[in-house]
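Here is a short briefing on one structure. Please look it over, then read the notes below.

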Amino acid sequence: MIDLSTSKRKIEHLEHCAKRPVEARNVTSGFDDVMLIHKALPQIHMDEIDLSTEFLGKSLKAPFLIASITGGHPDTTPVNAALAEAAEELGVGIGVGSQRAAIEDPGQESSFSVVRDKAPNAFVYGNVGAAQIKEYGIEAIEKLVDMLDADALAVHLNFLQEAIQPEGDRDATGVLEMIEEVCSLNVPIIAKETGAGISKEDAALLKEAGVSAIDVGGVGGTSWSGVEVYRAHDSGDVISEDLGNLYWDFGIPTVSSVLECRSFVPVVATGGVRTGLDIAKSLSLGAYAASAALPFVGPALIGADEVVSSLSKMLNELRVAMFLCGCGNINELRTSSKVTVTGWTKEYITQRGFDPKDLDIRSDL
């Protein structure tokens, strides 16, 4: 019989993401529907482009976060160490996986705290599930922040995954009120979806609750319903496997979710971000930063140098995109570059009540 402990799940999740196809199958993030307007006369020097920015009061050398990946099992410690070393070297932000395992077993704390140890100057954010706030209380959540000396805390909304997991927490009652209570802590709170996106209606509620930012976590990247399919298959749970397959691509794609949320609070574009061009498109649409997890899982299992190489490639691609749009810094990319949205994404957001004129967008968030 499979061990369903939180720590065991963490290593299973990491192994499935590293070895199996876990991305969206039939739905894309929407980046193919986004076109940056090329500037044939950029009139800037590409090598002088400034990627630096600020996010939630912290300086970043580039508008990127290594999204929450892992922690909570001894074998995840070197993975988080490699990710953190890369984040420190390149000056980007980094999040940890759900710290629930450290609440349940303090012996797992080092698998998370290693991130701050290896990235003493980086923007580091903690991570806890919305359902766990109610279960463990505010004092326990404060300890998670202290564990990392965290610059922010992500409260993840993963109810699709919870619905698929046999051991999932399906009680979402009172979650918004608990998020509002967590927002009283002396640290910025990021509301973070994990692959199903966030609508403008939920964004309005989250802003009212007091969150400082929204990580849209849209469809198009890792499907946690898909990850649970593999776990269910390995344990012989046919019902959960079928349910996970049905909801593999459920939710709002990343680009659409950025457009839904961008007018409420600073937005992070996560979900299928795979290139620097995706980062550039995200910022032109109104995001303050982009993030990704899956592209760094394999490199992190090898070591920090591999993570640095993979991320440096993405940041160079971002620099090229900015050069071709004539943008010398990140603020210009957000406010001066033009981007046009077409295809399925245009149809979706038009039906959601957005003015079609806004699809030829000049970001002004």
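Buried means under 20% relative accessible area, exposed means over 50%, and partly exposed lies in between (1.4 Å probe, protein chains only). This is a predicted model, where local features need pLDDT of at least 70, side-chain atom pairs count only at pLDDT 80 or more, and totals for chains, interfaces and linings use all residues. Residues are numbered from 1 along each chain as its sequence is written, and side-chain values use heavy atoms, with hydrogens and water left out. Helices (H or I, at least four residues) and strands (E, at least two) are DSSP runs, numbered from the N terminus.

**Helix α11**

- On one side of α11, V238, I239 and L246 are exposed.
- The buried residues of α11 (residues 238-246) are S240, E241 and G244.
- These three cover an arc of only 100° around the axis, so they sit on the same side of α11. The arc is taken from the directions from the helix axis to the C-beta atoms.
- The buried residues of α11 pack against α7 (159-164) and α10 (224-235). Contact means heavy atoms within 4.5 Å.

**The barrel**

- Eight strands form a closed barrel, in the order β4-β5-β6-β7-β8-β9-β10-β11, with parallel pairing. Two strands pair if DSSP finds at least two bridges between them.
- Neighbouring strands of this sheet are turned by 25° against each other on average, direction ignored. Axes are lines fitted to C-alpha atoms, for helices over the stretch in contact, and angles run from 0 to 180 degrees between N-to-C directions.
- Strands β9 (residues 213-215) and β10 (residues 267-270) run parallel and are joined by 2 bridges.
- I214 has V267 of β10 as its bridge partner.
- Helix α12 (residues 254-261) packs on the sheet and touches β9 and β10. The direction of α12 makes about 170° with that of β10.

**Salt bridges**

- A salt bridge is a side-chain nitrogen of Lys or Arg within 4 Å of a carboxyl oxygen of Asp or Glu. The count comes to 15.
- K58 and D151 form one, at 3.8 Å from N to O. K58 is in strand β3 (residues 58-60) and D151 in the loop between α6 (138-148) and β7 (152-157), 93 residues apart.
- K58 is partly exposed at 23% relative accessible area, and D151 is partly exposed at 21%.
- K313 and E317 form another, at 2.7 Å from N to O. Both lie in helix α15 (residues 304-324), 4 residues apart, about one turn of the helix.
- K313 is exposed at 54%, while E317 is partly exposed at 22%.
- Salt bridges that share partners join E12, E167, E228 and R231 into one network.
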